[in-house]
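User: Please take a close look at one helix in this model. Which of its residues are buried, and what covers them?

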Amino acid sequence: MAKKSTSSPTSYGISLVIVESPTKAKTIRKFLGKEFIVESCMGHIRDLPQSAKDIPEKVKKEKWAQLGVNVDKHFEPLYCIPKDKIKIIKNLKEKMEDADVVYLATDEDREGESISWHLNEVLKPKVPTKRMVFHEITKEAIMKSLSETREIDQNLVKAQETRRILDRLVGYTISPLLWKKVAYGLSAGRVQSVAVRMIVEREKERIKFKKSSYFGLSAQLEKSGEKFESKLISVDAKRIATGKDFDGLTGNLISGKDMIVLDEKSATQIMNQVKSAIWKISDVEEKPVTRRPYAPFITSTLQQESNRKLGLSSRETMQVAQKLYEQGFITYMRTDSTFLSTEALKAAREAIVSKYGKDYLPADPRTYDNKKVKGAQEAHESIRPAGVVFQDPEATGLVGPQFKLYDLIWKRTMASQMNDAKQKQVSAKITVATDKKEIIFNSTGTTIEFPGFLRAYVEGSDDPEADLESREVRLPQLKLNDIVKPEKIEPTAHETKPAARYTEASLVQTMEKEGIGRPSTYASVIGTIIDRGYVRKQGNALIPTFTAMVVSKLLSQHLAQYVDLGFTSAMENSLDEIADGELNWEKYLTSIYHGAKGLKALVETESDKIIPEEARSIKLVGLDQYEFHVGRYGAYVKTQRDGENVSASIPDAEAPADVTGAQIESLIDQKIKGADSLGIEPVSGKKLYVLNGRYGAYVQQGENDDENIKRSSLPPGMVLADITFEQALQIIALPKTVGMHPDLNKEVKVGVGRFGPYIFCNADYRSIPKTETVFTMNLEKCLEILAQPKKGRGKASALKDFGLLPGQETEMMVQLFNGPYGPYLKAGKTNVGLPEGVTVETLTAEKAIEIVLEKVGTAPEPSAKRSKSKSKSKKKVSIKVTMKVAKKK
């Protein structure tokens, strides 16, 4: 454990406080006096080399250089300082010249500890250096952390460094195997490959699934003027089969189940038998139900609920949470602890009484089981509103996603300290006696006797129907032998459904349960597998591509332990033991990488066994006559026709489990026979075809060997088989000009691209809303959308536009963005943060352009005042920023 020390910050003169981001620095400055200089290091200041050009010449010829880790010399990492960090380090060294003490105030988890260690190694302070940690950015927390500093925790640093080295060894050793055997550019990762395998295995379950059809019988009954629903549950003491009674692999009833499977005919017969019979209440059961509140948020549950309730991805959730933390609204967002401090409990209880009344406050504060989660973080408290008084969401001034996420955290924290919800469940059986059979229906209802924590928060679900649990379903007063009247009876058709695909929320939940990776890394892992083409999102569902299927097959067959959940979880446990000082990091890495059973030897041995053509192909259950391959231009299918091999491309949007034999035959027929022409395009005189390609269906004007061939994608909702000649003419005319922009004097066009219908004007692309089609868009509608702030596609959206940057050879728009380290200006490839004293609110177009011009080196000479202030510093600060091998500690 790192040694703690207590000292008064006032016992020093000038103090330099280093944090990761400008936003965090800005918030902390508000709490400290003029004797404190608070600076940002903008995240990590050095890392392993990202490419060959980062490797120093003196070690480039070493066999381990590409790894960035000297595996033959104590796994020494080769740390490089990126070019964009040289200026930052120089600035920190200059500030340190005037400091009497340095406080390293990076985040309190392993990554934050590692950043502090790197800062200490690179800056080499000659003054006292202290580690200050806090889990919220409030004045009380900052002042307390200044007086209770400690040393850098070397165990945490080594655990993080080992994790980084381990990730590099796994990724850089397995990825080249995929390049060689499958396709260049593919990547493997210690956690990402396991996540991909989980998604692939779920898709395989769906492929093997056999659908079952069955019927039920539903009745609308009436008692004393009140209507309620009832469903058939048994006939002559034999239960009616429902979806859960069928085997998904065979489509038949699960072996050993003795029950009735209704079809439409038998359901209709029973309906006719009960229509005129007497319906009598034969049993009524009332049961009190107590629902207890959920624990406060930890990293994984925040990601899950944010995805379910707000529709935010894990990556978006963590970005928004980071901003809330740095602005002082919430506590640290990377944590596995459900603990609430005494101050937090007091704040929550006061807010509950104020907002909901004393009836909702339990006699004693609630505590939650805080067993250490696999891969836990070192933060000590749950994610909650910051401070000793919880700010009401409406009083924060937050807007958009930040408001929604803070509101979610606030409500969850409140609910965690409120009284239980009291409900009453009522179940009534209705017997319908006919001449031939005893038929029983069942009705259920739920009433909320006391809402308790549900006043503040109801947990979401991946299944929208599950939300019904929280709604009231009232039944009329029913007593034994009461007669009820059937008003409507009808057969209901049902089909069994395969296991649902993972959503981000359910994947995070499963990964946490299995101990795969750390919750703080889930956002980046999910983002990586989507960005690299292993998985695509359709709605909330995560669908594996054929590339994912192929890669997962290869790894499962030849490097099984590296995609095994148990092995990956054991890695996390080992890293935890290193963090606790219970395991030697070097011995652990040696056991993983070296030796006859190590990663290096395993990859070399298995590489000789892998035949590339086989590695690039897979078979799908139920489609045995086809082979699915991954090639340079995407997935394609191969089969034989008349003794000859034929192949056809599979559209990227096609999910492996949704491919049917009929679809494949259609693709192959089109490839062999070619498509029939719909007619002649009148202007060009060329034939029009509707075809299928890698990116879906499209209209083609001309033959494949024409020089000026033209293609245009089908808009969403249009089906290849239904396209008429007139529709094809409209589609091939895309993109089309709808008019001129009145202010820019540029053409406004509409079209259909890979990501759907769009509007285009002056290098500005916008999506067409789902309520419109590309054919219904006119100039007025386009201008209305273009005038709205750009939302972006998973990237930062511009907060403000300041016009073109003057004096440049190419046009560059000056825009203001909000990034992970605070607001910044962007023009082309140039990014620059806002100077001290300049805020988003006070920033003018003139000032923005001046700031950017100074960055690109074309600004006017600085004023005399500025030159004078620069000359005051006579000390020459030298900085030697080189890539070097870290010394073994």
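Analyst: In this predicted model, the buried residues of helix α8 are Thr299, Ser300, Thr301, Leu302, Gln303, Gln304, Glu305, Ser306 and Asn307. That is nine of the twelve residues, so α8 is mostly covered, with buried meaning under 20% relative accessible area. Several other helices do the covering. Among what covers the buried residues of α8 are α9 (314-326), α11 (400-416), α12 (504-514) and α13 (522-531).

Now check the length. Helix α8 runs over residues 299-310. At 1.5 Å a residue, its twelve residues should span 16 Å. Just after α8 comes Gly311, with a positive phi of about 75 degrees.

Elsewhere, there is an open sheet to compare. Its four strands follow the order β22-β23-β24-β25, and the pairing is antiparallel. β22 (679-680) and β25 (710-713) stand at the edges. Each has a single partner strand, so one side of each has no neighbour in the sheet. β22 and β23 (residues 687-693) run antiparallel and are joined by two bridges. In one of the pairings, Ile680 has Lys687 of β23 as its bridge partner.

Last, the cysteines. The structure holds zero disulfides. For Cys80, the nearest cysteine sulfur is that of Cys41, 17 Å away. Cys80 counts as buried because its relative accessibility is 5%. The sulfur of Cys761 has its closest cysteine sulfur in Cys782, at 9.3 Å, which is too far for a bond. Cys761 also counts as buried, at 2% relative accessibility.

How values were computed
Residues numbered from 1 in each chain as written. Predicted model: local features only at pLDDT ≥ 70, side-chain atom pairs only at ≥ 80, totals over all residues. Heavy atoms only, no water. Expected span 1.5 Å × (residues − 1). Buried < 20%, exposed > 50% of the residue type's maximum accessible area, 1.4 Å probe, protein only. Contact = heavy atoms within 4.5 Å. Pairing = 2+ DSSP bridges. Disulfide = S-S within 2.5 Å.
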